[in-house]
Amino acid sequence: MTTTDKPNTGRGKTRKRTMLAAEEETGTSVDSYVGGRVRLRRTLIGMSQEKLGEAIGLTFQQVQKYERGANRISASMLHKIAQVLDVPISFFFDGLGPQGQIPAPAIEAAVEGGRPPSERRETLELVRAYSRITESSVRDSIMALAKSLANHNG
């Protein structure tokens, strides 16, 4: 771990700045992952950032920062968000490895500058539309069509 000396703070101690401290200031990939899971759930239930913000007492801009991982979500705020989005807190960490490793699709998407397929708007819209279809035979036909097209395409 790399460290650099910071100027004396006047408290008789020299502050050490570590890579970990720099990471904490800018947000970690886990923060981004949790924020992405907030966005995923919010979008799946058709809730706007503004509505979520109102429900938890924040502006939609703050919700945007949480979803991007620019700002960390405190434990109490994550609890509020989980209640509003009707999911257990563990939902936001589903898929993370035991040491906080980000799943491969999320890493690949970040490297490519995009979002993983499960977080893309068209995927979320498709899932929402599919879930509103009540007739099981129609749902089965759509699933068969989607699988056929995916196999044909790749």
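**View 1. Thr-43 sits in helix H2, which spans residues 29-44.** Helices here are DSSP runs of H or I with at least four residues, strands are runs of E with at least two, and both are numbered from the N terminus. This is a predicted model, in which local features need pLDDT of at least 70 and side-chain atom pairs count only at pLDDT 80 or more, while totals for chains, interfaces and linings use all residues. Residues are numbered from 1 along each chain as its sequence is written, and side-chain values use heavy atoms, with hydrogens and water left out. Thr-43 counts as buried because its relative accessibility is 7%; buried means under 20% relative accessible area, exposed means over 50%, and partly exposed is in between, with a 1.4 Å probe and protein chains only. Setting aside residues up to four places away in sequence, Thr-43 touches Leu-124 and Arg-128, where a contact means heavy atoms within 4.5 Å.

**View 2. Helix H2 crosses helix H7, residues 121-131.** Two packed helices are described by the angle between their axes and the distance between the axes. For H2 and H7, the axes come within 9 Å and cross at roughly 40 degrees. Axes are lines fitted to C-alpha atoms, for helices over the stretch in contact, and the angles run from 0 to 180 degrees between N-to-C directions. H2 and H7 are therefore oblique to each other: angles under 35 degrees count as roughly parallel, over 145 as roughly antiparallel, 65 to 115 as roughly perpendicular, and the rest as oblique. On the H2 side, look for Arg-39, Leu-40, Thr-43 and Leu-44, which meet Arg-121, Leu-124, Val-127 and Arg-128 of H7. The residues of this contact divide into 4 nonpolar, 1 polar and 3 charged. For these classes, Ala, Val, Leu, Ile, Met, Phe, Trp, Tyr, Cys and Pro count as nonpolar, Asp, Glu, Lys and Arg as charged, and the others, Gly among them, as polar.

**View 3. Helix H2 also packs with helix H4, residues 60-68.** The angle is about 120 degrees and the axes are 5 Å apart, and H2 and H4 are therefore oblique to each other. From H2, the residues in the contact are Asp-31, Ser-32, Gly-35, Gly-36, Val-38, Arg-39 and Arg-42, and they meet Tyr-66, Glu-67 and Arg-68 in H4. By class, this contact has 2 nonpolar, 3 polar and 5 charged residues.

**View 4. Here is Asp-31, another residue of helix H2.** With a relative accessibility of 14%, Asp-31 counts as buried. Leaving aside neighbours within four places in sequence, Asp-31 is in contact with Tyr-66, Gly-69 and Arg-72. Asp-31 and Arg-72 are 41 residues apart in sequence, yet their C-alpha atoms are 6.0 Å apart in space.

**View 5. Helix H3 (residues 49-56) meets helix H5 (residues 75-85).** Their axes come within 10 Å and cross at roughly 120 degrees, which makes H3 oblique to H5. H3 passes H5 in a right-handed crossing. Leu-52, Ala-55 and Ile-56 of H3 make the contact with Met-77, Lys-80, Ile-81, Val-84 and Leu-85 of H5. The residues of this contact divide into 7 nonpolar, no polar and 1 charged.

**View 6. Two loop residues are shown here: Thr-59, between H3 and H4, and Asp-86, between H5 and helix H6 (104-112).** Thr-59 counts as partly exposed, at 46% relative accessibility. The C-alpha atoms of Thr-59 and Gln-49 are separated by 8.3 Å, and the two residues are 10 apart along the chain. Asp-86 is exposed, with a relative accessible area of 62%. Take a look at the backbone too: Asp-86 has a positive phi of about 60 degrees although it is not a glycine.

**View 7. Phe-91 and Phe-92 form an aromatic pair.** A search of the whole structure finds 1 such pair. The pair is edge-to-face, at 5.5 Å centre to centre with 80 degrees between the planes. Rings of Phe, Tyr and Trp (its six-membered ring) pair if their centres lie within 6.5 Å; planes under 30 degrees apart count as stacked, over 60 as edge-to-face, and the rest as tilted. Both Phe-91 and Phe-92 are buried.

Note on methods
Left-handed = near helix turned anticlockwise from the far one by under 90°.
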